[in-house]
Amino acid sequence: MGSKAHVCIVYLLLLFAFTSEALPNTFDVTKYGAKAGSDITKALLSAWKEGCAAASPGKVVVPKGKYFLGVVDLIGPCKGAMHLPVEGTLVAPAKASQHSKNSWVTLRYLDRLTVSGGGAFDGQGEIAWERAHCGDRFAVSKLYQNLRFDFVTNSIVEDVTSIDSKQFHINVLGSKNLTFQRFSVKAPGHSLNTDGIHIGRSEGINIINSNIVTGDDCISIGQGSKQVRITNVRCGHGHGISVGSLGKYEKEEPVSRIYVKNCTIYDTDNGVRIKTWPALYGGIESNIHFEDIVMQNVSNPIIIDQMYCPWNLCNRKKPSKVQISDVSFKNIQGSSRTPTAVQITCSSSIPCNYIVLSNVNLKYTGSKGSAKSVCTNVKPRIIGKLIPGGC
């Protein structure tokens, strides 16, 4: 055999071996007894277990249809990359009393995970919200979230929808290089404590080309979050996009390198917000930038609130110990449904440092006087126009 022929054969063998490793093993839940209209908890866990143990990438498929699902932990590490195409709708049990954990579907210790498929996770949260409206706030705080991503790296969530979660729709913790794209959240405005995506102690989180409609923060960014990019997101009905709150607990990790760009926020209580608790503990929030944001009928379009104190669980007479610095609001335009379109309330003991307002144009649409901007314990740098003036 000639040397050229030998080289070609070796190359083809290597190519075949590489391609074989790259092709995923498919584990369809219907092969494990799942049927539309039935509970598929055992089937999904069995399919996941085999997929996770496979030498090559595992693909666990939930085909089109409506399925009922109990609490599941989809845990790694797995031998290869994992793909979870959810093509149908997964429905959580309606009664919160059936759950002892604070999450419905948990994905943990996974690398190179893909969740996709065009399907939905329906948390059936109406009962939980009714309890919250009746004042049972602490009971509600123990309810589960639709999806948790704990210690997930180099992964993507795309083309799926979270519906009516009992608490947070998505909770991201200890994760790195995780992207949400073409991701949707759907819940009514009266749904309480239903943040669309909450991020904590994570780095390199991207939220792009997504639509989030819920009763609480569309996106909330908690302690230890770094390098978070939010681009081309539509946010509706709840509390807007929030950084914080910090200062409630001791030794909270800093929040930094947050970029929010090309977003539309409509019919919300707040637009873009940074919040810290007064009186309690120190912390740092820095390098936070909001750019090219459209506000439509928003109560508080731009707000820094260092007196954040829900349910009066703190001492408002003592200033916040959290340092806020290097924050910019650039090219923010649209409408405010309250007269105070810009409100920057900083700590009297640690005033905000290097705050920039650049080309802000917000119009008050109501009849209670004229629009205004209010700045306390801060002297922001104004670049271009600031409408309304006052700071």
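In this predicted model, Asp 217 and Lys 275 are both buried. Their side chains form a salt bridge with an N to O distance of 3.7 Å. The pair connects distant parts of the chain, 58 residues apart: Asp 217 lies in the loop between β16 (203-213) and β17 (219-221), and Lys 275 belongs to strand β21 (residues 270-276).

**Other salt bridges**
- The count of salt bridges comes to 12.
- Arg 148 and Asp 150 are joined by a salt bridge of 3.1 Å, N to O, and both residues are buried.
- A further salt bridge, at 3.5 Å from N to O, pairs Asp 269 with Arg 337.
- That pair links distant parts of the chain, 68 residues apart, with Asp 269 in the loop between β20 (255-266) and β21 and Arg 337 in the loop between β24 and β25 (340-345).
- Asp 269 is partly exposed, at a relative accessible area of 35%, and Arg 337 is partly exposed at 29%.

**Cavity**
- There is one cavity of 30 Å³ or more, and the largest cavity has a volume of about 40 Å³.
- The lining of the largest cavity consists of 10 nonpolar residues, with no polar and no charged ones; among them are Leu 44, Val 62, Val 105 and Phe 121.

**Lys 317**
- Lys 317 is located in the loop between β23 (300-305) and β24 (321-336).
- Lys 317 is exposed, its relative accessible area being 81%.
- The C-alpha atoms of Lys 317 and Pro 278 are 8.1 Å apart, while the two residues are 39 residues apart in sequence.

Notes. Residues numbered from 1 in each chain as written. Predicted model: local features only at pLDDT ≥ 70, side-chain atom pairs only at ≥ 80, totals over all residues. Heavy atoms only, no water. 1 Å grid on protein atoms, 1.4 Å probe; cavity = no way out; pocket = protein on both sides within 12 Å on 5 of 7 lines; lining within 4 Å. Points joined across faces, edges and corners; volume = space filled by probe spheres on them. Nonpolar A, V, L, I, M, F, W, Y, C, P; charged D, E, K, R; others polar. Helix = DSSP H or I, 4+ residues; strand = E, 2+ residues; numbered from the N terminus. Buried < 20%, exposed > 50% of the residue type's maximum accessible area, 1.4 Å probe, protein only. Salt bridge = Lys/Arg side-chain N within 4 Å of Asp/Glu carboxyl O.
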